Every structure is written in structure tokens, then in C-alpha cells.
Amino acid sequence: AAKTMAENNVYMVCLGLEDPTKSYGKNKRLNQSVEILKDHGIATYLSFIVDPLQMVGEGKAKEFYNLLYQKFEELKPEMVCGNFLMPFPGTPIWDKYYHLISNEDFEQYDSKTPFLIKNEIVAEKMKYYMFDVQWKYYNSDLYNNEVRQFDVGDTLNLRFTELKEQFDKSLGILHLRP
């Protein structure tokens with residue numbers, strides 16, 4: 001399949017990473033999948049979903065993001081993208097969350113807002129932590145010396161620089177620990 005994709009000019013494939021704190025068969029095969037894709041010159045885009053209800057508490061968030069960063073180091077994706085859980089009616093996970101979702105929450109179904117968390121300060125911290133793990137990866141020596149094969153003026157770099165400036169302005173009120 002990777003050979004066919006390469007022959008048809010596919011340049012990047014998006015792969016989903018399940019919760020790195022749990023053992024899923026899908027996660028175990030990601031290393032092999034990434035290797036096959038890279039052998040055929042296809043870049044990888046690693047997408048992950050954060051269930052904010054599983055992240056309440058500094059210890060849980062730290063464990064999750066440390067393990068997630070380890071997966072970044074193992075897989076060396078050209079792009080990473082974090083999204084907060086957005087349960088939709090009719091999906092298998094809807095019943096687990098529907099009692100927490102109001103009609104107003106649908107205005108925040110943007111994958112970057114942890115709307116299941118009603119405490120604004122905790123929600124803002126969660127947004128920061130998701131940004132921070134990606135920022136650290138994009139600014140790591142590993143990424144910049146072994147992974148990135150494009151100019152830093154690209155839109156991905158510009159978006160993360162913009163996010164960093166936004167978070168730098170609000171960090172004082174959040175009292176975040178590194």
C-alpha cells in the first residue's frame with residue numbers, strides 16, 4: 001500500500017495515536033507503519049486525542065504528556081496535532097459523555113477547546129499543556145536535526161509561534177509549573 005501511495009504522489013499520511021497510557025494493539029503497530037511509510041518517502045502526521053476528563057490532576061497530565069512525547073521521539077513524525085475529545089451523538093462514546101454536554105457546548109466543538117471541563121482556569125491549563133508538548137517537540141534538537149526537512153517559515157511554524165505568544169501573555173495568571 002505504501003508503494004502505491006508513493007507512486008501516486010502521496011506525500012504525507014495522518015496516523016492516529018491512541019492514549020499512550022494504555023496498551024492498544026494499534027499503538028504497537030505504529031512504529032512499523034511509520035517505518036514502512038518513511039522507507040517509501042512518505043511523511044507522517046501524528047494526530048492524538050486528549051480526553052480532558054482523564055487529565056484532571058497534575059500527575060495524570062504529566063504522565064500522559066511524558067508518554068506522548070516519548071512516542072514523538074520514537075516515531076519522529078513530521079507533524080503532530082492534538083485535539084480534545086468531541087463526542088458526537090450517534091457515536092459509540094456518546095453515551096459515556098452526553099450527560100456532561102449542553103447545547104451551548106456545541107459552540108466549542110473546535111477540537112482545541114476542552115469544553116467538558118467547566119472550570120475556566122483548569123481548561124486553560126489543559127489547552128496550554130497540549131500546546132506545550134507540541135511546541136517542545138517542534139523546537140527539539142531531534143525534530144530540527146533529524147525530522148524537519150522544510151523551512152522554518154512554513155505555516156506550521158508560524159501557527160505555533162503565534163500560539164506561543166498567546167500563551168506567554170496569559171501564563172502569569174495560570175501559575176503553570178514546567
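Author: It is a predicted model, so local features need pLDDT of at least 70 and side-chain atom pairs count only at pLDDT 80 or more, while totals for chains, interfaces and linings use all residues. Residues are numbered from 1 along each chain as its sequence is written, and side-chain values use heavy atoms, with hydrogens and water left out.

Reader: Which residues of the largest nonpolar core touch the most other members?

Author: Leu46, Phe48, Val50, Tyr65, Leu68, Phe72 and Tyr137, out of 38 residues. A nonpolar core here is a set of buried Ala, Val, Leu, Ile, Met, Phe, Trp, Tyr and Cys residues joined through side-chain atoms within 4.5 Å. Buried is under 20% relative accessible area, with a 1.4 Å probe and protein chains only.

Reader: Which element gives the most to this core?

Author: α5, with nine residues. Helices (H or I, at least four residues) and strands (E, at least two) are DSSP runs, numbered from the N terminus.

Reader: And what does Leu46 touch?

Author: Not counting residues up to four places away in sequence, Leu46 touches Leu15, Leu17, Leu30, Phe72, Leu75, Pro77, Met79, Val80 and Cys81. Contact is heavy atoms within 4.5 Å.

Reader: New topic. Why is strand β2 largely enclosed?

Author: Because six of the eight residues in β2 (residues 43-50) are buried.

Reader: How does β1 pair with β2?

Author: In the parallel sense, over six bridges; pairing takes at least two DSSP bridges between the strands. Gly16 stands opposite Ser47 in β2.

Reader: What about β2 and β3?

Author: They run parallel, joined by six bridges, and Leu46 stands opposite Val80 in β3.

Conventions. Buried means under 20% relative accessible area, exposed over 50%, partly exposed in between (1.4 Å probe, protein chains only).
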